[in-house]
Amino acid sequence: MSLCKAVSNKRHFLKLGAVAVLGAVGLTSALPALAAAAYPTQPVTIVVAYAVGGDTDAMARLFGEKLAQKLGQPVIIENRGGASGIIGSNFVSRAKPDGYTLLLAPNTFALATLVVKSNAATTYNPIRDFTPITQTATQPLLLVASQGSGYTSVPQVVKDAQAGKAITYATPGSGSPMHILGEVFNRAAGVKLAHIPYKGVAPAVNDLLGGHVALSWMTYGPVEPHLQSGKIRILANGAAERTPLAPDAPSMRELGYKDVDVAAWQGLYAPKGTPDAIVQQLNAAMADILKMPDVVSKMRVFGAFAKSSTPDALGKLTADDHAYYAKIVKEFNIEAD
């Protein structure tokens with residue numbers, strides 16, 4: 001073989017090698033896009049960071065059933081409760097960002113890390129560590145009174161409290177959105193209703209029915225069965241506007257407390273870095289689900305209103321709530337039990 005031919009063959013092989021390398025690099029960089037285009041090819045898991053039986057768990061199962069039909073794959077609901085939702089949220093924040101592990105969370109998600117003592121280095125950040133998909137629900141927080149308390153209006157409560165009467169209010173736990181709302185109301189009304197935290201909704205409602213506490217900040221679902229009998233009365237909505245669930249109950253703005261505007265909500269999240277194509281697919285599927293009449297009516301049972309959003313809107317809602325709660329938690333030195 002001549003020297004010129006050998007050099008020519010060497011250049012040819014180098015070119016082939018370069019093409020192969022570039023092809024491999026291109027294929028590797030295209031893999032996430034290809035995976036997103038094929039999504040889903042296996043079951044999807046929605047993590048609920050609370051025990052079985054709560055509002056979030058019930059709605060996750062409702063959404064999971066519908067989402068499975070939309071995606072053509074099973075949707076598994078996995079409960080990972082503990083530490084005010086931190087354990088389950090941490091798990092999802094560290095999951096592979098491929099759309100197969102999601103988190104359905106109430107707005108306690110934006111609050112929990114502010115009130116639970118934990119190592120910040122090993123605890124999720126609700127803004128930094130997640131990709132928002134869509135808001136799924138809003139839930140009004142109501143001020144309710146036990147029959148035995150005798151209270152039928154907020155002015156009655158405020159008058160008694162300002163006169164020095166000891167009045168208690170129950171919530172599902174220290175550091176919950178209901179606790180936050182209770183302290184914001186105390187400040188706005190110039191009173192000091194005594195907070196009695198419980199480990200969950202059921203024991204708080206039981207003690208309200210038993211007359212062990214006078215008032216409670218609560219979602220609609222747990223108190224609805226006791227409204228007809230008059231054992232529990234709704235005194236007000238904790239937000240600026242009235243709610244259709246209790247149209248006769250005045251809003252905080254109507255009562256003169258324009259700075260009190262707190263409600264609960266839920267949202268669907270994925271780990272940070274989840275491909276946008278998957279996020280948009282899930283967002284579109286959930287938008288359709290949240291318009292279904294049977295979904296809307298079943299959510300009302302839990303005192304929730306179906307509400308979808310863009311991923312950016314949920315991201316802003318999460319960040320705004322996190323910042324708002326941070327100020328309140330610091331001001332009132334609030335900690336979870």
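I call a residue buried when its relative accessible area is under 20%, exposed when over 50% and partly exposed in between, with a 1.4 Å probe and protein chains only. By that cut-off, buried residues make up 48% of the 337 residues in the protein chain.

**Ground rules.** I am reading a predicted model, in which local features need pLDDT of at least 70 and side-chain atom pairs count only at pLDDT 80 or more, while totals for chains, interfaces and linings use all residues. Residues are numbered from 1 along each chain as its sequence is written, and side-chain values use heavy atoms, with hydrogens and water left out.

**Whole chain.** I looked up the secondary structure and found 11 helices and 11 strands in the protein chain; helices (H or I, at least four residues) and strands (E, at least two) are DSSP runs, numbered from the N terminus. For contacts, meaning heavy atoms within 4.5 Å, I noted that among those with a separation of 6 or more, residues 24 or more positions apart account for 77%. The chain exposes about 15800 Å², and carbon and sulfur atoms supply 57% of that area; accessible areas come from the Shrake-Rupley method with a 1.4 Å probe, and for residues only the protein chains shown count as cover.

**Helix α6.** I next went to residues 177-189, where α6 has 13 residues and reaches 18 Å from its first C-alpha to its last, close to the 18 Å expected at 1.5 Å a residue (the expected span is 1.5 Å times one less than the number of residues). Because 11 of its 13 residues are buried, α6 is largely enclosed by the rest of the structure. The buried set consists of Pro-177, Met-178, His-179, Ile-180, Leu-181, Gly-182, Glu-183, Val-184, Phe-185, Asn-186 and Ala-189. What covers the buried residues of α6? I found that the cover includes the helices α5 (154-162) and α11 (311-332), together with the strands β6 (168-171), β7 (194-197) and β8 (215-218). Just after α6, Gly-190 takes a positive phi of about 70 degrees.

His-322 is buried, with a relative accessible area of 17%, and, not counting residues up to four places away in sequence, it touches Ala-110, Thr-113, Leu-114, Pro-126 and Ile-127.

**α2 against α10.** I then compared the axes of α2 (residues 55-71) and α10 (residues 293-301), which come within 11 Å and cross at roughly 170 degrees; axes are lines fitted to C-alpha atoms, for helices over the stretch in contact, and angles run from 0 to 180 degrees between N-to-C directions. That crossing makes α2 roughly antiparallel to α10, given that angles under 35 degrees count as roughly parallel, over 145 as roughly antiparallel, 65 to 115 as roughly perpendicular and the rest as oblique. Met-59, Leu-62, Phe-63 and Lys-66 of α2 meet Asp-294, Val-295, Lys-298 and Met-299 of α10, and the residues of this contact divide into five nonpolar, no polar and three charged. In that grouping, Ala, Val, Leu, Ile, Met, Phe, Trp, Tyr, Cys and Pro count as nonpolar, Asp, Glu, Lys and Arg as charged, and the others, Gly among them, as polar.

Leaving aside its neighbours within four places in sequence, Gln-73 is in contact with Pro-40, Thr-41, Gln-42, Pro-43 and Ala-68. Pro-40 lies in the loop between α1 (3-38) and β1 (44-48), and the peptide bond from Tyr-39 to Pro-40 is cis, with omega near -5 degrees.

Which residue in the loop between β2 and α3 (86-93) did I look up for its phi? Ala-83 has a positive phi of about 55 degrees although it is not a glycine, and it is partly exposed, with a relative accessible area of 39%. Ser-84, found in the loop between β2 and α3, also has a positive phi, near 55 degrees, and is partly exposed at 31%.

**Val-223.** My last entry concerns Val-223 in helix α8 (residues 220-223), which is buried with a relative accessible area of 0%. Leaving aside neighbours within four places in sequence, Val-223 is in contact with Val-144, Met-218 and Ile-232.
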